[in-house]
Amino acid sequence: MAPRSPDGGDLRGPISRIGVLALQGAVREHERAITEIGAEAVRVRLPRDLAGLDALVLPGGESTTMRKLIDAYGLREPILALAHAGAPMLGTCAGMILLADRIIDGDEPVFRLLDLAVRRNGYGRQLDSFEADLETPGLPGGPLHGVFIRAPIVEDVGRAVEILARDADGRPVAVRQGQVLATAFHPELTSDRRLHRLLRQLIADRAEARR
Amino acid sequence: MTTIQSSTFATKVGLARMLSGGVIMDVVTAEQARIAEEAGAVAVMALERVPSDIRKFGGVARMSDPRLIQEIKAAVSIPVMAKCRIGHFAEAQVLEALEVDYIDESEVLTPADEEHHIDKHGFRVPFVCGCRDLGEALRRIGEGAALIRTKGEAGTGNIVEAVRHMRAVQKGIRQLQSMRPDELFAAAKELRAPYELVRQTAELGELPVPNFSAGGVATPADASLMRQLGAQAVFVGSGIFKSENPERYARAIVKATTQFDNPEVLVEVSAGLGEPMRGLELSEIPVEERLAVRGW
């Protein structure tokens, strides 16, 4: 029988190495999720940490802080190079802001890998933070419980963007464009591993396509 | 059918997790708040005086003027925290109405109640509280705190008390982990803490909410030290805006907190940084003027 990860996933083939941008934010929570799906989590704080990664997670945290530290450590170009080489990416909350093509409140966009417009803290301040069960048109397995903390609102999506989940008002809260996944909520704070498993699936598909 | 619940305990603890790895800076003006944000702070603490000035001025230290907090909220997009006095739930109600992102029920202000802390479960806004040891941390979490910070001795620029308190918490957790399940009941009694939280802490090997460090961080190496001792993030009070060059100091402490276990980065950010705040030797502070002993 093939080996299984703790959540029952198939572990055949080499173990994926998934980086977590570890400048600040919910790094440990993503590392735990990555370990649970049977992959290896790698902390990324300097450009050299990106070597040999199969995918990269941009965690929740403060996007203003992260964007400054990304540039302070010269991580912008090497992360873009990793994405352009086809490595899958997952951005959650602040990570979604970093991936977005357009930021409505005036900040300059960072990676511009996702054709959508976000408004920072669009759902409000901490007092407006909430939990909700989400409709998941693009994910099998039924509703998904999302934790939203000072979350960004997706105001507009391009045609190439697939909507994986929506909030009660029908706004996109989880999206995919090619190899890039992003959520306005925090899958790292709950035990539902569907998004991390989808990231692993993208890694496997890419490996398959290269063969 | 979609159910939406706002201000749950998970969202309160969640915000603390998002601040992990970062620096929360004390600021007394909107201009300082902008400098802090520009330097990479993950949040600011809005107050009228930094702790070292509270020491100097003496008298009763209270919640800040709401107008100052509003100005600071308007100046930055990162979360804004503010302090209320221990047990002063009316000040906390004002801060909640101001929609701050976190309330610090803080020993740095003059306590309003020498027996009771605020029942923090009753608020929608999350609370952070200080502690000197594991029992105090778990009592605060029992009252509803979603984030703990070790107290240190605020306004001194002396890291010794922060180290003492962080080590005390970590040692307490290790002791719980070494116990048989039936010994945790007596441990809860000794810690004067709720049994359920004692049990959870023993199982997790850490507090059920994040644990940050405060009180005495004055240099990048201080921030690194506290991170290596187990602090997930660092509060810096007087250390930044009482230093010779606040902008550079703020950036250096942010970098040291992120790259806390990378001495090369510490060398780079510490070199030629200028004078830190002037520190205070603990023996120069009479016991009755120490802030950390406030809280019960």
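The dialogue below takes up these topics in turn.

Mentor: This is a predicted model, in which local features need pLDDT of at least 70, side-chain atom pairs count only at pLDDT 80 or more, and totals for chains, interfaces and linings use all residues. Residues are numbered from 1 along each chain as its sequence is written, chains are lettered from A and ligands numbered from 1 in the order in which they are written, and side-chain values use heavy atoms, without hydrogens and water.

Trainee: Why is helix α2 of chain A largely enclosed by the rest of the structure?

Mentor: Buried means under 20% relative accessible area (1.4 Å probe, protein chains only). Helix α2(A), residues 63-72, is largely enclosed because 7 of its 10 residues are buried; among them are A:Met66, A:Leu69 and A:Ile70. The cover includes β1 and α3 of chain A, together with α2 and α12 of chain B.

Trainee: At what angle do the axes of α2(B) and α4(B) cross?

Mentor: Axes are lines fitted to C-alpha atoms over the stretch in contact, with angles from 0 to 180 degrees between N-to-C directions. Here the axes come within 8 Å and cross at roughly 35 degrees. Contact (heavy atoms within 4.5 Å) is made by residues including B:Ala33 and B:Arg34 of α2(B) and B:Ile72 of α4(B).

Trainee: How is strand pairing read?

Mentor: Strands of a sheet pair through backbone hydrogen bonds, either parallel or antiparallel. Two strands pair if DSSP finds at least two bridges between them. In chain A, an open sheet of 3 strands has the order β5-β6-β9 with mixed pairing. Strands β6(A) and β9(A) are antiparallel over 4 bridges, and A:Leu116 has A:Val157 as its bridge partner.

Methods: Buried < 20%, exposed > 50% of the residue type's maximum accessible area, 1.4 Å probe, protein only. Helix = DSSP H or I, 4+ residues; strand = E, 2+ residues; numbered from the N terminus.
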